[in-house]
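Here is a short tour of a protein model, written for someone who likes to look at contacts and packing. Have the viewer open as you read.

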Protein chains: 2
Amino acid sequence: MPKDQLSPAATTRAVLRPIGLGRARITGGFWSPRQQRNAENAIPLGQDQLESAGNLQNLRLAAGIGEGEAIGPVFADSDVYKWLEAVAWEYGRNPSEDLLRRQRELTAVVAGAQRDDGYLDSVVQLREGDQGRYQKLVWSHEHYCAGHLIQAAVAQVRCTGDTGLLDVAVKLADHLVRTFGDDGIRDVDGHPVIEMALVELYRETGTAAYLDLARWFVEVRGHGIIAGHGHEPTYFSDRRPVREATTVEGHAVRAVYLAAGAADVAVETGDTELLEALKVQFAHMWDTKTYVTGGLGARWEGEAFGDEHELPPDRAYAETCAAIGGIQWAHRMLLATNDAFYADALERMLYNGFLAGVSLQGSEYFYVNPLQHRGSAHADGNRSPAHGRRGWFDCACCPPNIMRTLASLDGYLATTTADGVQLHQYAESAITTDTTELHVATTYPWNGTVRITIPKTPPTPWTLSLRIPTWCENATVDGKPVDPGQYAAITRTWSPGDTVELQLPLTPRTVTAAPRVDAVRGCVAIERGPLVYAVEQVDQDANVDDLHLLDAPIAAHHEPDLLDGVTVLTTQGRVDSPTHITAVPYYAWANREIGAMRVWLPRG
Amino acid sequence: MPKDQLSPAATTRAVLRPIGLGRARITGGFWSPRQQRNAENAIPLGQDQLESAGNLQNLRLAAGIGEGEAIGPVFADSDVYKWLEAVAWEYGRNPSEDLLRRQRELTAVVAGAQRDDGYLDSVVQLREGDQGRYQKLVWSHEHYCAGHLIQAAVAQVRCTGDTGLLDVAVKLADHLVRTFGDDGIRDVDGHPVIEMALVELYRETGTAAYLDLARWFVEVRGHGIIAGHGHEPTYFSDRRPVREATTVEGHAVRAVYLAAGAADVAVETGDTELLEALKVQFAHMWDTKTYVTGGLGARWEGEAFGDEHELPPDRAYAETCAAIGGIQWAHRMLLATNDAFYADALERMLYNGFLAGVSLQGSEYFYVNPLQHRGSAHADGNRSPAHGRRGWFDCACCPPNIMRTLASLDGYLATTTADGVQLHQYAESAITTDTTELHVATTYPWNGTVRITIPKTPPTPWTLSLRIPTWCENATVDGKPVDPGQYAAITRTWSPGDTVELQLPLTPRTVTAAPRVDAVRGCVAIERGPLVYAVEQVDQDANVDDLHLLDAPIAAHHEPDLLDGVTVLTTQGRVDSPTHITAVPYYAWANREIGAMRVWLPRG
């Protein structure tokens, strides 16, 4: 069997075993062209951007190639590593000599930049020298960069078999193990991600010291370790220990990366107390601090979660990276619990908060994903949505994060247990396990018919589990009603060629926010299937800033030529007099002219 | 006659002539105890804070007294100058040896810190040396500090006759005239205030070069002069020339200080085009970017104005300094136009957005003034309202700004023209002009009866103009109906002892926001007279986060023992079932326990 091309690895102790890229494979439908554009447009352009922004040059300089000063933000290396990770996953999906060549060239530069003792951070090496290591860990992102390097290395070895980056990662991880801990430096990086990375490196190598260090980083946080630097501990997820926290707070990406890493630690160490705490935090986040799009982070100030129910649509920050971190956390919680709630949450984040972050062509990005954009909005600052999507950012964390997510999307489709196969996300795909093969045919999310064919099956009974989304009323499996918000389980002795037909009715619906979400009081949002819809100015006669939604039927029809093919929703609204309203999927907004947009519309 | 104890000076070319502190004098009522606490509590404690925070030490070090490094923010000097200005105005209200001693001690330190050529900025002198002058003017606040020094110097000479600080100010202003302009450094400070200051120094000294330089600073801005520094021009009010701008944008305090300075320039140079542009900007700010409290600045990120109608109550920044800058701008526009609109605006900012920034005891402050505070709000960061009011801040611009405003409040009461006297703000007070004396008896804003007695009058006819607030229905003067939103003018030949009785009915009312203010859709705020009311958790049975306001009568009754005496409003609300609601003036919130608070409540 090929090596598992995924992360977390199938060797995880989680309840569900993930299925890697080669074996769970998106073959068409909604996501396939998006992955193709990611491969053909985004990844090559990404390398150009990393070149022109100086990220690659920093690593070359650290490797002794040429002379000059580091440029760009302290975390510049991490964007290179996320890009390398995307290249690896993409190679796993669709091997090509071009990808391998790009990967090997850059891996050689990274390896060359590493110090003999394993330390690696080109910006610190160039700006501060060896004496500057870990002096400002609260802000230096040295572990953050290391974490992304490790994640890229794991992807690389799993998808290409190359061990070049893994050698660097192991050397760096061994250096971290020697350097940090109760007997070494008692400090943590201001920006988590190293936790997830070290656990995954442990899964890859079996080296328990990596898991131990990941656990140490999780446990030591929240005891004032960062507060001691004179910074605000909340921002750094350092106000309370993860184990004791009951919510997420502070910088949203930091918070969800830490939680995802803590979930990894909890699973691999069998720490049920920690896992229970993470369940409470996720639920509280979902109930009180998550946008209807799955967007995370209500505040521009500090790129942070707001207070409970503080969810302004216009000034939503909802960073694309936070949606990605949320997806990673939800995925880990799903693997750990087999609770459909997390797969539902993942779906909402994936189709809305995440996907809105990238243009239809795959190579222009939103850093910030508001749920309302006024016609009068003024574009100030690199990240302002009023600019429309942009090819790159001063802080370029999001674009390569999107690339690696799209390239590894197949890994979210399905899992296995000893009892059978679980389908979590529906896409035109082929799923292969050691004993079984499933073909999934669907044009979801445009159509709710999902036909599963089983060309290969063992002769013994096993269970096919199908997630019935919480939003779905009147779902059926082979014509029989099934309940939403859980898995429909079909246990039988299967014969090759058997089929199962899942029907997920995609009736357009309006949803309201919790009454305490003051910012959208009296408003509704429109959804269909997993998609949240947006009302964009370009589709309306009336001024979107003044538009109300009447309580009228909502019609759906597919427009194959609009926005690469979308099902649009139409209904009645009013300003002073009644008017027609057309809504498009939220993910597709701002792919035409940038103008007024609303997800939440006043009712009546 | 005593020197005019006010700013802008009575020598202004404005339509209305202001009346200084000694001649317009608050003698009792609402503001008198607030001024007293400002004098007795805030000003002495302020000096202690300036000592312990290091601001005074910086100036001593720059004066060669002791050794050490500058501490605190780059604009540390400005807080000392604002405090000195407060001391001067307070001396003008109520001379005391203690104030004079404090003033003279600090003035000597400031004078000692000045360089021989007139340059003065202790932080730059200590950190950068002479070579560092004006190298980073976009952020160094060198002109900002100079501006506050000049304002303090003008106040000092007008109120105490001391010329110590004026000598420093003139020397510094002469240095600026020599150094900046088309023939010198073509640059502006990232933070305006120097414009207002230089015009006032021109009014004090008659030196036209100061007015010319103020005009130059106003005119040169907005032509990319700051953009050239690689910063975002919007933040610095540098995206468009003041003359061409149609709104306020970016950092709120910067924007309104610049506008106030531009108004000074427009008036003194007779620049009607500039004044017209400022009218448009003020109106647009008031219509689309001002909270019901008069608070300015919707965004924490960049302490900035938001887009049009972006006015979230919970994350309102509404910095206390922005309300003060708004008051200064409105005052200058009033003097320039005699339009009651500006006096109305000033009143709303003064009683609400400004006054909420200081505790009842006068010595604890809000930096940020939200219109909603959830019970679950988490206190993060020095400025978070969730902490409650605080004695000082890391960035301590607001406290001494409040002190100087309270100490000079008398200057906003009244003005004169050749035709008579205009009363703009109602307070228990005595107003003296060259020929006339007025006593104003009122407990406004608790009671709407304002009785004006005229013990001294010239034998010729003159006009008494009384502002009828826009919010006031059914106002009468001596029993005759008068229209709101303008001045009721009474022209007659007065006799000593004549009285006029103004009745301003203070019926509680609910107000709604413009429909495009999405954040408070379906909500109303409660007002009575000039006061906006707040519903605080401490006064309710029901949870404020869930509270709706029913369409029921609103009763008012005065509670002399509550919050130093307030008129409370009571009405009916509901959560699930009907409940009683009690509202207190917004300015008085957070003087008991900090808890949930709302200005805007959902209706129904």
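Predicted model: local features only at pLDDT ≥ 70, side-chain atom pairs only at ≥ 80, totals over all residues.

The largest nonpolar core holds 184 residues. W31(B), F282(B), W329(B), L423(B), I452(B), L464(B) and L466(B) have the most contacts inside it. Helix α11 of chain B, residues 252-269, gives the most to this core, with 13 residues. Another core, of 183 residues, lies apart from it, and its members include A214(A), A323(A), Y342(A) and I490(A).

Let's look at I452(B) in particular. Beyond its neighbours within four places in sequence, I452(B) is in contact with residues including L423(B), L464(B) and L466(B), as well as H439(B) and D498(B).

## A buried threonine

T415(B) sits in strand β4 of chain B, residues 414-417. With a relative accessible area of 1%, T415(B) counts as buried, because the cut-off for that is under 20%.

The side chain of T415(B) makes a polar contact of 2.6 Å with that of Q422(B) and one of 2.7 Å with that of H424(B).

## An enclosed strand

Now to chain A, where strand β9 spans residues 462-468. Since 7 of its 7 residues are buried, β9(A) is largely enclosed by the rest of the structure. W462(A), L464(A), L466(A) and I468(A) point one way, while T463(A), S465(A) and R467(A) point the other.

β9(A) runs parallel to strand β5 of chain A, joined by 4 bridges; here G420(A) partners T463(A). With strand β12 of chain A, β9(A) pairs in the antiparallel sense over 7 bridges, and S465(A) stands opposite A489(A).

Key
Residues numbered from 1 in each chain as written. Chains lettered and ligands numbered in written order. Heavy atoms only, no water. Core = buried A, V, L, I, M, F, W, Y, C linked by side-chain atoms within 4.5 Å. Buried < 20%, exposed > 50% of the residue type's maximum accessible area, 1.4 Å probe, protein only. Helix = DSSP H or I, 4+ residues; strand = E, 2+ residues; numbered from the N terminus. Contact = heavy atoms within 4.5 Å. Polar contact = N/O pair within 3.5 Å; in protein donor to acceptor, adjacent residues only side chain to side chain. Pairing = 2+ DSSP bridges.
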